[in-house]
Amino acid sequence: MLIHEYRMPCGMQHGPHTRLLLHLMLLLLCGGIFGIPLQAEPEDPMDVTKSPCENFHEYACGNWHAPHELRALGAHDMRSKMRALNKQLLVRHLEAPQPESEEDSGSESDREGQQLFSFYGSCMSSRQSLHVYMDAVQQLVPDWPLLNNATHFDWPRGNAAVRRFGAQGLWRLLVQSNWQAAEQRIFYLLSPSFELLGAEADAESEFLYQRYLKNLLLELGLRVRRAGALTEQLVAFEQQLRQLKPSPQTLVLHAPQTLQQLAAQLPQLRLLDYFQLLLGDAYTPQLLLVADTAYLERVQRVISAADPLILSSWLLLQLPAHFELHLHEDTSLAAQREHCLQQLNQLLPRKLAQLQLRLWHGNDTAASAFLSRTHSELQQLFDSLKLQFERLLNATPIFEEDAATQTLALQKLRAMRLLLPQEQQLLLPQSESESEQQLLGQLRTSDVYDAKLLRLSQAQSTLQFRAALECLQLPCGGAAGGGATAWNSLGPLDVNVYYRLKLNAIELPLGLLHAPLLDTNCGNNNNSGNTDNSGNTDCRATLLGGLGYMLAHEMLHGFDYDGINYDATGQVAGGQWPARAIIRYGLRAGCYLGSRYSNATLTINENIADSEGLRLAFEAFRERQQLPPSTSPSPSPTPSPTPTPTTTPTPTTTPTTTPTTTPTPTTTPTPSPSPTPTTTPTPSPSPQSDNAAMRRFFVAFAQNWCGHAAAPSIGAQQQHASHWERVNNVLGNIPEFAETFACTAGSLMHPPEKCRIW
């Protein structure tokens, strides 16, 4: 019908070829709008016209680009492409016509799917209402001057009311691991983030935020002039709070203390009243907190001088602002999808992960087999990386004549764990905890989206508070710390690997466990006796250059300038590394502050993890591939003449400790008791195949960083080097790379100085 109504330009006639062309154009248009792309063979991202010795990033990634339909879902580099693929699969499912019978199905998975459908559908289709949020907060605190002209406002209860729904108030209340005892969850009282107001120099964000608050006030019925005047006062009040916020460099968190102790120290904040409303029957003055007392002391003075109308109105509007009310109604379809999926990923990560697994693999049986196989393969990979690192720790001159510190480092490495998605945590019905059932019970199909959002957020806050009340005194039981199930906080839209300092564990999210990082066609190739070694080589190169490098990168974070402050159990180390080991470490790490590295003082930890991690992954690949040692000399263990850095990053959430010399035991470290990964021997490769195998590995690594990094937000510090640097600088530190590609000395990829710590 649309074809015949279309008026052809320039006198073109409606011929059969023209109609066919228009049909194809409409198919492409529908694919762009509804996210149902025409399938095409992936293009080779390599640009072999570039010299690998002058710019390997261009050589490996010069032809890389994200398809249009994935760019619309936020793909700008390889990692964001993985996330976009996950989103694309979820969008297709959640926006597909739903069978009528599913509504009445008794299947557990069908009911869970209905809940996700209901939440996502209402998010995409509903126009939000400010009054739903106002009604919800008035049920907790009835009197608000802006809503009912109340002459008295109980601000501690109002501050607690907005936090019951997950919003920030005058401070940010978090539940996190105790920095002194990782198995214990406690409360943290910190300054707000002021994300919508933006940084002090961000005039554009401030203008948009002021306009946003004014629109909310107009929706509440205020006249234009009064709304404008009140908005200016609200923004000025928030600017005053922002000025009290300490910089990350000056933030010092003290030892945990009880609520009763902190309330006596800061009486004007009325913290006892605040937590009584927040926790209800679970309230106890003996709960533990870590507080930014410097900020809270300043807040006391601001509150005592604040106009009650301004204070109450600012707190009231923090609730809709937290949920970004109306901010996504007039955005593009792609932005609206992103927002609704992110809400599901944040509020129901486990349920969304279950759906993602079923969509990737078709059914629970296939998904279970995938998880079992992948868990075994990745654990074996992790063990092989630990074994390679242990060899380096045993050989490093950093611990020369310092067996005690060497033993501590080895103990930390051996205790490091890999947290992976588990079948029993995702697919078995009995794995659903009472807490999760309570959370899902808040979803009512008949509710409007705003009500669903508030119910889920309130239930999630309750579960977080409960975690902090399960263990008020050490030692805690195994469940209190949540170490074994901490990964459950990550949904399928999370595609970053994390090293958890306080758990001494690496957390690998489900969102990365698919192609191209995991090739299901490789299956059993890695350890099979298949004589087709080229297929095995490709699989090993993809695995070790991708996930192997990522795991090794995070492993090295346990031994960077932040990681050496924590011991094998995730506790603050208390200066267990003596001064001589710190100095030796710093002399070798000083190379990462050289001229090759831009913004090096901020990115040094990531630069260390990149280069030293790739070295581990390469050694593991070389061992699996049975490649001979390099013919080029390794970098000299003699420290570089580069001076020791005078400013090195230190943990911003832990106190800085001065290292003291500890007695050195006379015993030397014993070999690792950890199991050695077993692999079936492969046929001995030829020199030509050796070179080809190493080329595949280095290309696989470089293609982790195809594309470009997202620009940091205004005021945010960039903790990572550019993708270009993360390839070229890292490979420039690997002598075997220059040997493999026959790079001449002095070229970009074969610099004279090669950084290496371990």
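Modeller: A charge is said to sit over a ring if NZ of Lys or CZ of Arg is within 6 Å of the ring centre and within 35 degrees of the ring normal. Arg500 lies in this way over the face of Tyr498, 4.5 Å from the ring centre, and the charged end of Lys412 sits over the ring of Phe559, 5.5 Å from its centre. The model is predicted, so local features need pLDDT of at least 70 and side-chain atom pairs count only at pLDDT 80 or more, while totals for chains, interfaces and linings use all residues. Residues are numbered from 1 along each chain as its sequence is written, and side-chain values use heavy atoms, with hydrogens and water left out.

Rings may also pair with one another. Rings of Phe, Tyr and Trp (its six-membered ring) pair if their centres lie within 6.5 Å; planes under 30 degrees apart count as stacked, over 60 as edge-to-face and the rest as tilted. The whole structure holds 30 aromatic pairs. In one of them, the centres of Phe56 and Phe741 are 5.2 Å apart and the planes stand at 65 degrees, so this pair is edge-to-face. Phe56 belongs to helix H3 (residues 56-61) and Phe741 to the segment after helix H29 (735-740), so the pair ties together parts 685 residues apart in sequence. Helices here are DSSP runs (H or I, at least four residues), numbered from the N terminus. Both Phe56 and Phe741 are buried, that is, under 20% relative accessible area with a 1.4 Å probe, protein chains only. Ring pairs also join Phe56 and Phe741 with Tyr59, Phe618, Phe621, Phe697, Phe698 and Phe737 in a cluster.

Notes:
Helices (H or I, at least four residues) and strands (E, at least two) are DSSP runs, numbered from the N terminus. Buried means under 20% relative accessible area, exposed over 50%, partly exposed in between (1.4 Å probe, protein chains only).
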